[in-house]
Amino acid sequence: MSGAVLRWEGVSRSFHGTTALDGLTLEVPAGSVFGLLGRNGTGKTTAIRILLGLLRPDAGRSEVLGEDSLTLSRGVRQRIGYLSEESFPYADLEMPSLLRFVSAFFERWDMDRCERLARRMEVRRDVPLKEMSLGERRRAELFLALAQDPEILVLDDPWLGLDAVARRDFLEAALEAAREEGKTLLFTSHVLTDVERIVDRVAILQDGRLRTASALDDLKERTKRVILDLPGGGDGAGIVVPGEVARRREAGSLVIVTEGWSPGLEARLSAGGAEVRVEDLNLEEMFLELTRGPARSGGAAA
């Protein structure tokens with residue numbers, strides 16, 4: 001994995017006395033497919049807007065391709081593709097006219113590449129954006145974000161409102177472009193089943209703070225649900241599990257969720273006389289468990 005191309009360092013931001021981000025430090029490696037996750041109001045969009053220089057932080061700083069977000073050069077800005085949940089402007093123009101308009105802002109624009117990309121993504125070019133279905137329009141807007149051939153593609157929940165099929169098609173189109181052309185893809189989403197299918201790294205925000213950030217496979221490897229059937233119906237009060245996130249009783253068993261699982265832990269728990277079962281968690285289950293309690297601070301992604 002190459003070095004970081006996106007970076008937040010101690011970034012904080014409040015709105016009218018309400019904290020949106022609190023000391024966010026995070027890195028996105030080059031070439032990664034990175035999911036920035038969190039419940040509504042946890043600071044995901046604020047983090048992206050600060051990263052892109054659209055919003056000034058109260059404290060800290062952020063970088064894109066080594067340049068400070070607040071003073072990004074034209075050259076770096078042209079290496080970023082950005083699509084949010086907001087609709088693309090000039091919706092009354094058909095795609096050929098939109099492409100001619102947008103191309104004027106970019107020094108290196110390849111119309112032949114655009115044509116190949118449009119065919120590959122099956123973009124409608126015969127009607128204005130406003131006359132397309134929502135799925136067609138979002139696909140066309142993704143195409144416009146990719147048409148400039150950016151090194152970094154930032155997607156802030158742009159599939160909001162799409163049905164499952166349209167959402168899957170949109171994600172697959174974005175992922176195909178990112179993987180085939182070696183782009184860095186940073187995106188937010190509330191649909192974690194979609195996220196799990198395509199990301200290789202995730203960061204979870206909770207109450208404006210970084211809860212955790214790592215490769216998805218590493219997060220899955222260390223986050224487990226441990227079910228203990230205790231001898232004599234004990235309460236397990238003396239059982240200590242590293243990285244414990246949650247503890248509860250379910251159907252007579254003690255259930256502990258940990259983000260510090262290791263192979264030796266099962267043997268240690270079994271040595272105390274308990275019958276131990278270990279269950280894997282999918283991304284949605286991990287997300288719910290990790291964000292259920294008070295916010296904790298995590299580390300920077302590497």
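**Close-up 1. D149 and its loop.** D149 sits in the loop that runs from α5 (134-147) to β7 (152-156); helices here are DSSP runs of H or I with at least four residues, strands are E runs of at least two, and both are numbered from the N terminus. This is a predicted model, so keep in mind that local features need pLDDT of at least 70, side-chain atom pairs count only at pLDDT 80 or more, and totals for chains, interfaces and linings use all residues. Residues are numbered from 1 along each chain as its sequence is written, and side-chain values use heavy atoms, with hydrogens and water left out. D149 has a positive phi, near 60°, despite being a residue other than glycine. Its relative accessible area is 26%, so D149 counts as partly exposed (buried is under 20%, exposed over 50%, partly exposed in between, with a 1.4 Å probe and protein chains only).

**Close-up 2. R108 meets D149.** R108 belongs to the loop between α3 and α4. What does R108 touch, leaving aside residues up to four places away in sequence? The list is R79, Q148 and D149, where a contact means heavy atoms within 4.5 Å. With D149, R108 forms a salt bridge whose closest N and O atoms are 4.0 Å apart; the criterion is a side-chain nitrogen of Lys or Arg within 4 Å of a carboxyl oxygen of Asp or Glu. The pair links distant parts of the chain, 41 residues apart, and the C-alpha atoms of R108 and D149 are 8.8 Å apart in space. R108 is partly exposed, at 46% relative accessible area.

Close-up 3. E196 pairs with K220, with 2.7 Å between the closest N and O atoms. E196 is in helix α7 (residues 192-198) and K220 in helix α8 (residues 216-222), so this bridge ties together parts 24 residues apart in sequence. Both ends are partly exposed: E196 has a relative accessible area of 22%, and K220 has 27%. The other bridge is D280 with K224, where the closest N and O atoms are 2.5 Å apart. Here strand β14 (residues 275-280) supplies D280 and strand β11 (residues 224-229) supplies K224, so the tied parts are 56 residues apart in sequence. Is each end buried or exposed? D280 is exposed at 58% relative accessible area, while K224 is buried at 9%. Elsewhere, salt bridges that share partners join R7, E9, E27, R61, E63 and D68 into one network.

**Close-up 4. Helix α1 and the glycine after it.** Helix α1 (residues 44-51) is mostly covered, with 6 of its 8 residues buried. The buried set is K44, T46, A47, I48, I50 and L51. Just past α1, G53 adopts a positive phi of about 80°.

**Close-up 5. H16 between two strands.** H16 is in the loop between β1 (4-15) and β2 (18-29). Its phi is positive too, near 55°, in a residue other than glycine. H16 is exposed, with a relative accessible area of 85%.

**Close-up 6. A nonpolar surface patch.** Y90, F101 and F105 make a nonpolar patch of about 320 Å². Patch members have over 30% relative accessible area and no salt bridge; like charges are joined within 9 Å, and nonpolar side chains (Val, Leu, Ile, Met, Phe, Trp, Tyr) within 5 Å. Areas come from the Shrake-Rupley method with a 1.4 Å probe, and for residues only the protein chains shown count as cover. F105 lies in the loop between α3 (95-103) and α4 (111-121).
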